[in-house]
Amino acid sequence: MQSASLNEARDKQDKQDKQDKQDKNRQQFDVVVVGAGFSGMYLLHKLRGLGFSVAVIEAGDDVGGTWYWNRYPGARCDVPSMEYSFSFDDDLQQDWDWTEVMAGQPEILKYANHIADRYDLRRDVRFNTRVNSAHFDADEQHWQVTTDQGDVYQSRFCVMATGCLSVPNTPTIDGHDDFAGPIYHTGNWPHEGVDFSTVRVGIIGTGSSGIQAIPVIAEQAQHLTVFQRTPNYTMPAHNRPLSDEFLNKAKANYEQIRADQRASMTGIVSYGFGFGGADYFEPTESLLETTAEQRAALVEKKGFGALQQFADISLDPTANELACEMYRDQLARLIDDPQTADALMPKGYPIGCKRPVIDTNYYATFNRDNVTLVDLRRGGIEKITATGVQTAQGHYEFDALVYATGFDAMTGALERIDIRGRNGETLRDVWAAGPRTYLGLQVHGFPNMFTVTGPGSPSVLSNMLVSIEQHVDWISDCIDHMRAHQLQVIEAAAAAEEAWVAHVNQVAENTMFTAPSCNSWYLGANIPGKPRIFMPYVGGVGTYRDKCDEVAAAGYAGFELSAAGT
Ligand code: FAD
Ligand code: N01
């Protein structure tokens, strides 16, 4: 009895101590931003420039987000670097020289660091700090944000720049803890790198990360065993150094290139890589109008490149199936062993259902003597053992295990924070049946909270730097507008959100993304129990930008704005 009351007293004291510490650490800002990837960095720069006080909170110990965490061998961007970069400051884009068509992770991280230095960003970022909760206080009309360091931040606005691909997914496989060697995840790679030269490696997953890492690890390791559940469609990157001549030409044309990126479907125009010397890459032809002989001749001549010029592959299921056959024909030519070739062949789902993958030497890797492909369609993983992986086909031994198993995408980082809105409801509950937003920018019931590249915006279907810039500009302008008009609260109206969600779903219907045979992380299909909802907006970057601009020009139509809150 006595010890129970002693425990109670101790608990009470602990709570009081925690409260005292929080009170002591309470800090007030106009805006709290969560995340210091490209989104959080540009938000800080932009809002600071408008004269707002801003605190950025970041779990990692430096800036860069994706490019800070994903340091696996072979990590690289698959959008031309000249376009996967910020356009908000012409001096920045003129000063920075990319060295390759598609930059590798170290160079992109260097660029992120350059931005942090150039705009003196780090002084307003709290590193090594994870946000645990964000609650809207309806009486005070502000957000209260708490962290794992015991800090409490109060701010009028809270912007979640937490990333769409920032929560690594490690599948639950029996025996994981029994494995005797080191275990890595591509999405949280050791900063000091990993030397595989004296060991045998097993890797699970053949999405973008796996396909980039496999050729590089195979070159280094004694032996590499690849566990593949679903073969992917992947195209050669043809990456190469950028010449001074190209850099100068692109820089001289930057104003036009940026304008065209913003108006395009995906934020990518591939300047300098068009057919027949055209400035931009634009497929225009119809595969349906070709004969079997023409298709065979094209594959013979151009390999996978044969598919690039046809616009109907992404629109018409019959054209898509023809493209899949051409793809498999080319793949068969590249692989020495017919059984391995068959195992690598994607079948039963369309090209374009999953995020496109671009690789360097992926298929050639499977002709190496030190690489074994395990096609899990012939017998899946049963468990992890101390020395490898037990499948229905047998046991495979190795010394180090790599998960290239992706992310809890788009909603993962947001749902891991205890976010509570005006009536105390959690975002997790509100999104239990799938994410719902107005324009991917706000959620009804969560006033003054914005999401950067949130579900319901083009986001991961686009060159993210273009979408990040557009969202940051829109959000900053909105906050600036509110200050100018002495407004305190902005909240997406329920009806506007409802209509936007319906529109997002409607444009995704009958696309390759939502084909019944399609399983992708866009649909949440990679996470057991996640609702099957197509999360990003397929309508295109240019169309979406126009819609957001119209909404703002109409006094933030579809949002409720008030001086004293609702
Ligand atoms: P992130 O870079 O993910 O940053 C979010 C930050 O928020 C992280 O640093 C994270 O630590 C922090 N954070 C999250 N939750 C919390 C919390 N609770 N508390 C504190 N901090 C938190 N996109 C393209 O357009 N082209 C590409 O070629 C491309 N390649 C990619 C390659 C890889 C390997 C991956 C994983 C993604 C790639 N992407 C690509 C998408 C990429 O995520 C975006 O391009 C972009 O970098 C996202 O920036 P961000 O700032 O929005 O998010
Ligand atoms: O993740 P993924 P990722 N047993 O989800 C497999 C961006 N990115 O990290 O397809 C066995 O695509 C899973 O198999 P299946 C880009 O947006 C860009 O590779 O579910 N296997 C799949 O093969 C990308 O789309 C670049 O059957 C399991 C793999 O793991 C996104 O990040 C580079 C399994 C996961 O693939 C995510 O890519 C890297 C299990 N239990 C990343 N669970 C660029 O180049 C999962 N898998 C731009």
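Predicted model: local features only at pLDDT ≥ 70, side-chain atom pairs only at ≥ 80, totals over all residues.
Local features need pLDDT of at least 70 and side-chain atom pairs count only at pLDDT 80 or more, while totals for chains, interfaces and linings use all residues. Residues are numbered from 1 along each chain as its sequence is written, chains are lettered from A and ligands numbered from 1 in the order in which they are written, and side-chain values use heavy atoms, with hydrogens and water left out.

**Stop 1: H15 and H17**

Select residues 464-484 for helix H15 and residues 541-553 for helix H17; helices are DSSP runs of H or I with at least four residues, and strands are runs of E with at least two, numbered from the N terminus. Their axes lie 11 Å apart at an angle of about 0 degrees, where axes are lines fitted to C-alpha atoms over the stretch in contact, and angles run from 0 to 180 degrees between N-to-C directions. H15 and H17 are therefore roughly parallel (angles under 35 degrees). Now show side chains: Trp-474 and His-471 are among the H15 residues that meet H17, whose partners include Tyr-544 and Arg-545 (contact means heavy atoms within 4.5 Å).

**Stop 2: H2 against H15**

From H2, Phe-38, Tyr-42 and Lys-46 are among the residues meeting H15, where Glu-469 and Asp-473 are included. Eight nonpolar, two polar and four charged residues make up this contact.

**Stop 3: H9 and H10**

Next, select residues 292-302 (H9) and 317-334 (H10), whose axes come within 10 Å and cross at roughly 40 degrees. That makes H9 oblique to H10. Arg-295, Val-299 and Glu-300 of H9 meet Leu-322, Met-326, Gln-330 and Arg-333 of H10. The contact divides into three nonpolar, one polar and three charged residues.

**Stop 4: a pocket**

Finally, select Gly-74, Arg-76, Gln-212, Val-216 and Thr-360, which lie nearest the centre of the second largest pocket, out of 20 lining residues. Helix H6 (208-220) supplies the largest share of the lining, five residues. Of the lining residues, nine are nonpolar, seven polar and four charged. A pocket is an open set of points on a 1 Å grid over the protein atoms alone where a 1.4 Å probe fits, with protein on both sides within 12 Å along at least five of seven lines; lining residues have an atom within 4 Å of a point.

Terms used. Nonpolar A, V, L, I, M, F, W, Y, C, P; charged D, E, K, R; others polar. Parallel < 35°, antiparallel > 145°, perpendicular 65-115°, else oblique.
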